[in-house]
Each structure stands twice: as structure tokens, then as C-alpha cells.
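Below are some points for a reader who is new to this structure.

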Amino acid sequence: MSSHTEYHADDTDRLLQAARRRARLAPILSWAVVALGLGLVAMFLLQAGIFSVLQPKPKPVPVTVEKPEQIVGSFSRIAGFDREKQPYEVTAKKGYQDKEKANLVHLEGLVATFRRSSGQSYEISSNAGLYDSKAKEMDLEGKVEIVEAGRFTAAMEKAHIVMEKKNLVSNVPVVVEMDSGTITANGLQITNDGKNILFLNGVKARFTETAKKGDNTQ
């Protein structure tokens, strides 16, 4: 007795179609597995911060040099003695050497302190100054102010100082405030160790009532 299996044509077609579907799905499934694996790897690298390390770094912003090829200091100090052996000192918030003339020093936000032979000191301040180390002279510009406590306060826009003589000259309008009143002029000269103050051109004086009464009693 012999045994055999009978296959119908319909069964054969179904088997062939199933084989074809499996053949078509095989590449898709393999790519899906690869994509899933890559996704897991990328997630791991992202959590580990690898991507941030691999990303190109932004270019640093170039530093702007305010005064190239010049010596610049955030604080400057000049000190010396005048002809009467009295000390003077100039301090500035910023100073830099002129790139063409080494003897010139540009100063910003400066305060100069001088002392008279009597021991009385006074201050001269300004927004900017140009100091000549050879001539020992200085040009001031911008809100120049001279203050001698108990004596006077003078304000002007420009002035020239001879350091060793303590002589000051200004050829621009000046306002001098004193306890006795106010004097305005178109120029000013201070000489002889600060003892002599000469007002120039268009001098106007206005004295307080207290000063007038004092003058009448003399």
C-alpha cells in the first residue's frame, strides 16, 4: 500500500505568494532593525553629550584694541618736585604714551596736587591732559577746575601748566568762586607760587552783601 500527498493548484499558488511576500518584507525588516539600532545608539550618544563635543565651536569675537601700538595703563601716576622743592603729583584713571613722541603722555580723568611753600595744597582736575616729560609741562582740556580750600575755586575748559614753576595760564573764559563773590574773565594767569592771580580781558566781579558790608567797615 503506497502513500502519497496530493497538492492542488490553489495550494501551490498560496505558497508561492507567501514566499514572495516574505522575500519582499525581508529587506524592509532588516532596514527597520538597523534603523532601530541606530536610533538607540544616537539616543545614547545624545545623553552622553557626544554631539555637543562634535559640534563646531563658534568663532571667538575678535577683541577690539582701543589704542593699538600704544602703552595703555588703567592707572597712571606722575610725581616730582618743583623749583621750591615742594612735591607735586598727577594721577589719572587712564594714561597712554603717544605713539609718535615718546615724551608725551595722554591722560584721562586726571587730578594734579600741588603744594605751596606755605604748606597749603591745592588740586587741579580735568577730563584730559597731555603731559610733556621733557618740558615738564601739561595741557589740560575739559572741565578744568582749580580748588584751593578756603581760598577759591576756578572753572574753565582749557589751561596750560608749567609743573616746576606751578604757573598756570588759561586763555578761555573762566569763573572764579570765592567766599566774597564771583569773578568772571576771558583769561587767567597764576604765578609766583600761586600768590599772584591775574584776570585777563572782560573782567567782571560780583561781590556778596556780606563782603560789601565788610568793605565799608574798613
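1. A salt bridge here is a side-chain nitrogen of Lys or Arg within 4 Å of a carboxyl oxygen of Asp or Glu. The model is predicted, and it holds 7 salt bridges.

2. One of them pairs Arg77 with Glu89, at 2.5 Å from N to O. Arg77 lies in strand β2 and Glu89 in strand β3, 12 residues apart, so the pair links distant parts of the chain. Arg77 is exposed at 53% relative accessibility, while Glu89 is partly exposed at 29%.

3. Lys166 has a salt bridge to Asp193, with the closest N and O atoms 2.4 Å apart. This pair connects the loop between β11 and β12, where Asp193 sits, to the loop between β7 and β8, which holds Lys166; the two residues are 27 apart. Asp193 is buried, with a relative accessible area of 4%, and Lys166 is buried with a value of 4%.

4. Lys166 also meets Glu84 in a salt bridge of 3.8 Å, N to O. Glu84 is in the loop between β2 and β3, 82 residues from Lys166. Glu84 counts as partly exposed, at 38%.

5. Which residues do salt bridges with shared partners join into one network? They are Asp82, Glu84, Lys166, Asp193 and Lys195.

6. Lys85 is in the loop between β2 and β3 and is exposed at 66%. Asn192 is in the loop between β11 and β12 and is partly exposed at 42%.

Notes:
Residues numbered from 1 in each chain as written. Predicted model: local features only at pLDDT ≥ 70, side-chain atom pairs only at ≥ 80, totals over all residues. Heavy atoms only, no water. Helix = DSSP H or I, 4+ residues; strand = E, 2+ residues; numbered from the N terminus. Buried < 20%, exposed > 50% of the residue type's maximum accessible area, 1.4 Å probe, protein only.
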